[in-house]
Structure formats: structure tokens, C-alpha cells
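Please look at the sequence and the structure below, and keep both at hand while reading this report on how two ligands are held.

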Amino acid sequence: MTATSGKTTCPYCGVGCGVTVTLPDPQTGLVPPVSGDAEHPANFGRLCVKGSSLAQTLVSDDRLLTPMIHGKEASWDTATQQIADKITQVVKDHGPDAFAFYLSGQILTEDYYVANKLAKGFIGTANVDTNSRLCMASAVVGYKRAFGSDTVPCNYEDLESCDLLIMVGSNAAWTHPILYQRIAAEKKRRPTMKIVVIDPRETATCDIADLHLAITPGSDAAVYSFLLNYSAQANLVDGDYIAAHTEGFEQALAQAAVSTPTLKAAADFCGLEQQALMTLVDWWCDTPKTVSFYSQGINQSATGVDKCNAIINCHLATGRIGKVGAGPFSITGQPNAMGGREVGGLANQLAAHMDFATPGATELVQRFWQAPNMATQNGLKAVDLFQAMEAGNVKVVWIMSTNPMVSLPDTAQVRRALGLCELVIVSDCKAHTDTTAMADILLPATGWSEKDGTVTNSERRISRQRGLLPAPGEAKHDWWAICEVAKRMGFQSGFSYRSAHEVFVEHAALSAFENNGKRDFDIGHFSRMTAKEYDDLVPVQWPVPKGRPEGTKRMFEDGRFFTPNGRARFIAITPTLPQNQACLEWPFVLNTGRVRDQWHTMTRTGDAALLSNHTAQPYSEIHPKDAKRLGIEDKSLVRLTSPQGSVLLKAKISRAVAPGQLFAPIHWTQQFANASVVSTLIPQVVDPLSGQPESKHTRVQLQPMLEVSYGLIMSAEPMDLSDCVYWCRVPSKSGYHYEVAWSVSQSVNSLKSLKALTKESEQNEWLEYQNPLTGQCRLAKIVNHTFKLLVYCHPQPDSIAADWLVSKLAINERLTEQDRLAILVGMPANVEDKGEIVCSCYQIGSKQINKAIMAGVDTIDGLGAALKCGTNCGSCVPELTRFLPMATELTS
Ligand SMILES: Nc1nc2c(c(=O)[nH]1)N[C@H]1C(S)=C(S)[C@@H](COP(=O)(O)OP(=O)(O)OC[C@H]3O[C@@H](n4cnc5c(=O)[nH]c(N)nc54)[C@H](O)[C@@H]3O)O[C@H]1N2
Ligand SMILES: Nc1nc2c(c(=O)[nH]1)N[C@H]1C(S)=C(S)[C@@H](COP(=O)(O)OP(=O)(O)OC[C@H]3O[C@@H](n4cnc5c(=O)[nH]c(N)nc54)[C@H](O)[C@@H]3O)O[C@H]1N2
Ligand code: SF4
Ligand SMILES: [Mo]
């Protein structure tokens, strides 16, 4: 390590990869591309495409640089005083529960700790909830019901040392790419290792699977219920383990026998062939070293907690927990969802893995914090919180590092709630998001590479995020902003920290306070660490109690759990399908999730041109049979409608989804498209135990948008597109690139009306092209011999490789005659049409890959050698694999 570089942790997914950042060039201020930290045990030097593009995302022209009050710049002094005064007033007038924090698994542990302390110990409310409610809440409750604590038993090495890996409701190839690559590498090295993917949809993750069970959406609990029932019938349960370390087995088994009495009953419930389910059952029975790896396909369900326990039951019954290569492994989504759980930053937690319900816990925390106004009971979970806001009971909300106008279900309700709330405070790095648009007070936050603190990944590993770059403008750390408000409310003594280090050691001390092995979360070893030791912290897995500085690789190796009697609990589970099933009126079921190269609401990744190449526009996967029946063409515009609202998406016709099912990504916001926020469709149906919304199962209608013409606009300046039925902004290296659709009634297939839509003067120099036979119409505005605006209209959905056009937009280079012609055509004669980009790192497109395959390349390594695709971060390898069988079809 040199003084010109530093180590930190990737701010995206819960894999928690180590990243090495080279400090900016003092001349240009630009940060060179980041690289993977070879010493970090999560990734050993590798990064996926999002991680390796981090430097690109640091260049943003939309940073929030000063506090804003009702749209006007303000000082930190004024903003924090106004916040403190208003909270004090509403607490006095309406009680502490009139205030709420809505936080995020993307703030650091230190930020989370002070927010939790201020609300629960000093203001006196447990209204501290977070977007982790939408993400990990069911997994947390599942673990707590079974183990008495929110403890992830496994580690990443278990994924490599197991003999059977069941990936349930996870598309890790896209969402936890480095873990997926570790698993894929092990599978290649040891082909006898079996991998099963359980997902109603065929995903990129299926590429390494020996078996894909495309179950009926929401039916997972029946798979595990039958595994339990069959294991008992086949005498495969571990009677000694059950007797020594668990309770409730008989009841859980009795319920499994009733719910899934036979293979046929279970297979029918799950919509599977009996043979397919039996293959899994046989492998399960034969393979003690089994890991179940589960994510949002399990958690985001109205019965998510039960599904988690159905999985855990099977591991307990067979003693497949606390051992190398075995265990129920819930994978965390966000970089620090785990850290939030550690500090107790959820409304139904107290602090440091303690609950209000635990006898003596509230008093213990009060003593430790010297807290004047201790909350004594659970607060409101996210969906309830926004309902209470609409009802007028929550009057001040402080939203930090999350975008609920996009991510919470039923965004119309969220808009109403925020509209009625007396004071909406939003801390964000970005000036313009769908949620900052609803704020009364905006607070500029430092972001990744500027903030200092810790995060915890999916395997309980605490790593440092380091502040390597200066804070822009007046951006401040989130913990600092909270402390400023706390001090102005009169709580100087509890909030006079000078650094993230001081917060962390207090958090560590609380975790160890009167613990003596009673609580799983104990990082007491760090409670006296110096600032230098904090700066030098190497990644370590908790618990790290005093005397065990090396941390803890695996939990429950001794078969002791954190329940009062030390035994793990079986839970009797009745598999239940989602309540809102498709029906005549709402004939489709919508599943939602992620794409490979975007992060959530795109505030970090949405402006990186390289990352938009993989998927440029919001889409819905539709099975070809449904598309044919409804007259929907690939890439055409469709409308999805639910009782909550409606959205416009591009059709992606694909056999990956079953007939009657749709899949849409969650990423597009109103900053990027006019009508594509999919959470608008999702009703506020939640799991009764965890409060986690059922984001994966919404019944909807699907309609083609027939009366539209399609178009592309490239402009040096942002455009007013309110005349368009649909628009989507695609990031580009220069200027603005929009994909649009107009109503046919706007007659955009005439040059005159197309020009009128641009609202530009006739006096400009225009290049024009029209083909009355095809209905194509194209216009380009030229100013001083350079090209400033381009409008294409074509009756059919079409995609034009925009790279070349972008390279010509608004540059002060005189256009040649060939360029002028090529601008109207879309590309010059000598430029290769790459097709859709598959490898983001080397910008290799589908047409280039197919060409190489036609020329005889027939392996991934061969494609890598010919085109370099897949040889950097490897994120596209699953997709490259899909091109290979096509080669056989093409050439045979
Ligand atoms: N590229 C990218 N990576 C990310 C993120 C991102 O935004 N972009 N976000 C991060 C975060 S916060 C999270 S929480 C994780 C989420 O990571 P994942 O959970 O892997 O991602 P999702 O795409 O939400 O959903 C996973 C799968 O669940 C399936 N599914 C839907 N219904 C069911 C069902 O009933 N049963 C089963 N078995 N499966 C079902 C979906 O078809 C989908 O393929 O990703 C993290 N990583
Ligand atoms: N339909 C549907 N809805 C879903 C899901 C789904 O699968 N389907 N998944 C759910 C899940 S698992 C998740 S995790 C959520 C994610 O949803 P959100 O949390 O709403 O999404 P993000 O885009 O990550 O929002 C983070 C915000 O914080 C800002 N930010 C980044 N760093 C910092 C910082 O250090 N400090 C501050 N103050 N701000 C910062 C970013 O600019 C951004 O505006 O979506 C949930 N919603
Ligand atoms: S897998 Fe990718 S997104 Fe996730 S932490 Fe690693 S580099 Fe970041
Ligand atoms: Mo998440």
C-alpha cells in the first residue's frame, strides 16, 4: 500500500468486497479505476462490474452540496436548529412517537448507532425503521424464532466446501456476483458438487445448476416441508442432535406430515414434476454437507418468516448446522444491512441484539447510555410507519440513505404520507431523487469514499469503509448531522463524539456490557481500541469478544443456541400460497427484482454510461405465448396495471418466465423514466411477523400499447418530454439520450409535426430524412456545423446503437459530409454494429459474440481469447454461456 492509495469496502451488495482506491490525480482530480483488494477474504482481489466501475460513479453533477430548506440554500447551523426545534415541539405536543427515523442498510454502523441511540434513548421512541424491513426482516425473525438470536451461522467458505448447495430465491449471478463466481469456480474444480436453484424464473444463476426447480411462485415452504417429512420417513434425521440441542421437533414434523404427506401432494403444491422434486430429495438425503442459500425470493413474501423457518427446520433435523459446509445461510442484500441489525436499528429491536421484550434489557441499555427518555416498546415498522404518517400520527420523519418514493410498496400511498407529514427531512448525497423532491429540509451527506466507518457483510465480517477523498461542498457525515441535532435538543453529553472511531468503541462496549456470553453479538475486544487500531482494522467476523481477537468463523459449532434453555426451536409450518392469486380480472402475477449492472434506484449507477449498456430501459419479461395472445411484440411498450396504479415498460419476450407470470426490474425512477416505478403496482401486503412487504407477488393486468410511435432523441441540452407517452433517459458520455414513444395521434411520422414537437425554430439548419413507405422520419439540428439535436421516429420499436451518435453530439468538430449522412442513418458505413452489449468491461456486444461463434469459437475461454469478453470482472460469463448452445443451432 502506498500513500497514494487506500483500502476500503465496496458500497454495493452484501458480499462486502475489499476495494483498493488510487487517490485522484492532483492535476485532473479524476479517480483512476479501482481494483479488488487481494487480501480481503470476501473477494481475494476480484470485483464484479459494479465494483470495478466505482470510479466512474464518483463523477456526478447532481451532488447535494449544501443544506436546503424549502428549496433554498441554508447553513448547517440553521438547518439543524430548525430540525431540533421542530422535533422538540412535536414531542412536547404529541409525544415521542410523533417522530420517526427511516434509515437504510447503506449507512455505516456508526451512523446507525447514533440514530438508534438518539431515538430510543433520548427522544423516547422506537420509531427507527429502515429499508432493511423490505429486505432482511423475515430472515431476522426466522433466525430469532429458531436460534433465539439473529445469527447467521455460516461463512463464505461453507459455500465452497459443501457438496450440495440449494440456492432458493436468489439470483446471485447478478446480485452477489463475486460469491456466485466463487461457487462457479468451485463447481468447475469439483464437478461432483451439486447445485440446485429454486426460482419460478429461469435466471443467469441457473447456468451453474444441476437442477432448476421452477416452482409455483410462493410455494417454497412446501419443498422444505416435504424434505422434513421425507427425511423423517427415511430415517435420515439426526436423532442425537435433535435430542441434545433442539425442541419442538415432533410438532414441526407432525405439521409437515399433514401439509405435505406425499411426494405428489408436495409436487402438486409447487407445480413441479414429481421426478424433479424427488431428485432434490434424493440429493438432500445423500448429502450431509448441504447449504441452503436464500434471499429475496424467500424474504419478500407475506409468509417469508415461515419459509425461513421451513428451511432452518430441515437443517436442524439433520444436524446440518454449525459444521463445515452446512447450514441455513441467509444472504444479506445491502452492504450494511447486517450492521444495522447489530446496532438494533429496526423498530422491533432495542440495541446490540437486545429486544424490548428481553427482561432487564431496556434497563441495561438505559444504564449504559445514561438515557433520559428510554423507549419501552416496539415502534412502527416501515409500512405501518408510512400509514401512521398518512393518518397524521407521525409528524416529523428523518429519511436517511433510502428512496422510499421508489422502493416502498404502493408509492402513491408514500406520496400521500410524505405530503401530509409536517416536516420531512431527507439526508442524501444526491440533489434530485424521487424522495428529495418530497423533502422540506435536505441535508447533504458524504458518500462512499468520503465517509469513515464500518460495515458488516453477509458472513458477519466487519470491514472498514475509509474516507479517502475529501467531502464535496458542505457534505457532512450522517452521524455528525444526527449528533448536531441531538446536541441542539439538549443532549450534549450523549452525542459529543469527535469521530466515527469514538462511536464504534462505544458500540463495541455496549455489545459486551453485562453480556458474559448471554448475547451472540459481542465485539467487546474492540471496546478499548485506539484510533490508529480502528484505522488499521482488518476484516474480522463477529463475535469478537474480549480474548478472541481473531473473531468467529462459524456459529453454533457447540450446538448451543441463544434461547433461554440453549436449545434451537423447530417451528411448525403450514405452507401457504400468496393471498392475491391471479384471477380473471388480474390475470398475471408480477415478480420484481434486480438486473446485473444497476443498483436499486440508480442514484449511484444510473449515470454511468458503461453500466447502462447491459439494460438500458425498464422492461417486463413476458412469456411468448402470452405475448402472442395479446399481440405484444418484443421491445414494444406495454402497460401493467394493478389496483394500486399502472406503469409503462418495454416488453422482453422470454421463456425465462412461465406463462401467466411477468418479471420487472425495480430500478427505474421518475428521474430516469416518466412512468416506470414498479413499486407503484405493489400493494402493502406484509408478513404479519416481520412486516416485510410481499414485493415478489402482485396480480396485474397486461396490455399492449398499440397506438404509439417510437423514437430516439439525442440532445446537447435536457429536453422537456411532457408531450411523450413514454420517455426513458439513458446515460450517455455526452449530452442527453432519450428513448421515447409518442401517441400516433401526434402524427410524428411527418417532418413538420416532428419538428413542431422539438419546439425549436425553423430557422435552424436541419438535416431531414423521411421514408413514407416505412413511416420513418428523422431530423438533426446543426448549429455552427456541429450537431446539437437529433430526433428519430419509427413506427416499430427499434434500437439503434447509439455509441457513435453520442460521440458526435455537441463536440466542436466540424461535421464532414459523410458524418451528416451517417447521422441520419444512425451510424457510418465503416462502424460495426456490435448488437446489445453483453460484456460491459470491454463493451462487447451480442453480434460480435455470435460472429466469433460462427467462426468456430465454442468455449467461454475461447470467447475471452478472441474478444476479451468475460476476462475482467467475469460478471457476464453466465450470459456468455447462453450464447454457446445457440452456436450449435446456428451452425447445425
Ligand atoms: N445488481 C444488483 N445487485 C444487488 C442489488 C441491486 O440492486 N443490483 N441489490 C442488493 C440487495 S439490497 C439485495 S436485497 C439483493 C437481492 O438479491 P436477490 O434476492 O438474489 O435478488 P432479486 O432479483 O430481488 O430476487 C431473487 C430471485 O427471487 C426470485 N423469486 C421470486 N419469487 C420467488 C418465489 O416465490 N420463490 C423463489 N424461490 N424465488 C422467487 C426472483 O425470480 C429472483 O430471481 O441483491 C443485492 N445485490
Ligand atoms: N418491488 C420491489 N421493491 C423493492 C425490492 C424488490 O425486490 N421489489 N427490494 C427492496 C430491497 S431488498 C431494498 S434493499 C430496497 C432498496 O431501496 P432504496 O433503499 O430506496 O434504494 P437506494 O437507491 O439504495 O437508495 C439509497 C439512497 O441513499 C443515498 N445514499 C447513498 N449513500 C448515502 C450515504 O452514505 N448517506 C446518505 N444519507 N445517503 C446516501 C442514495 O443517493 C439513494 O438516494 O428496495 C426494496 N424495494
Ligand atoms: S460482488 Fe460486486 S457489488 Fe457486491 S461487494 Fe463485490 S464488487 Fe461490490
Ligand atoms: Mo435489499
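## Contacts of ligand 2

A nitrogen atom of ligand 2 lies 2.8 Å from an N or O atom in the side chain of T592, which is a polar contact in the sense used here, namely a pair of N or O atoms within 3.5 Å, where within protein one must be able to donate a hydrogen and the other to accept it, and residues adjacent in sequence count only if both atoms are side-chain atoms. The protein covers 98% of the 930 Å² of accessible area that ligand 2 has on its own, with such areas taken from the Shrake-Rupley method with a 1.4 Å probe and, for residues, with only the protein chains shown counting as cover. Oxygen atoms of ligand 2 take part as well: one is 2.7 Å from an N or O atom in the side chain of N131, and a polar side-chain atom of K451 is 2.9 Å from an oxygen atom of the ligand.

This is a predicted model, in which local features need pLDDT of at least 70 and side-chain atom pairs count only at pLDDT 80 or more, while totals for chains, interfaces and linings use all residues. Residues are numbered from 1 along each chain as its sequence is written, chains are lettered from A and ligands numbered from 1 in the order in which they are written, and side-chain values use heavy atoms, with hydrogens and water left out.

## The shell around ligand 2

Ligand 2 is surrounded by 32 residues, the closest being Q106, N131, S407, D428 and T601; a residue is near a molecule or strand if one of its heavy atoms lies within 4 Å of it. Domain 2 (68-134 + 337-516) and domain 4 (588-704) both give residues to this shell, so ligand 2 lies between them; the domain bounds come from an automatic or database domain assignment.

## Ligand 1

Around ligand 1 there are 34 residues, of which D199, G218, D220, S295 and Q598 come nearest. Because domain 3 (137-330) and domain 4 (588-704) both give residues to its shell, ligand 1 lies between them.

An oxygen atom of ligand 1 is 2.6 Å from a polar backbone atom of G218, and a nitrogen atom of ligand 1 is 2.9 Å from a polar backbone atom of R596. Taken alone, ligand 1 exposes 910 Å², and the protein buries 99% of that.
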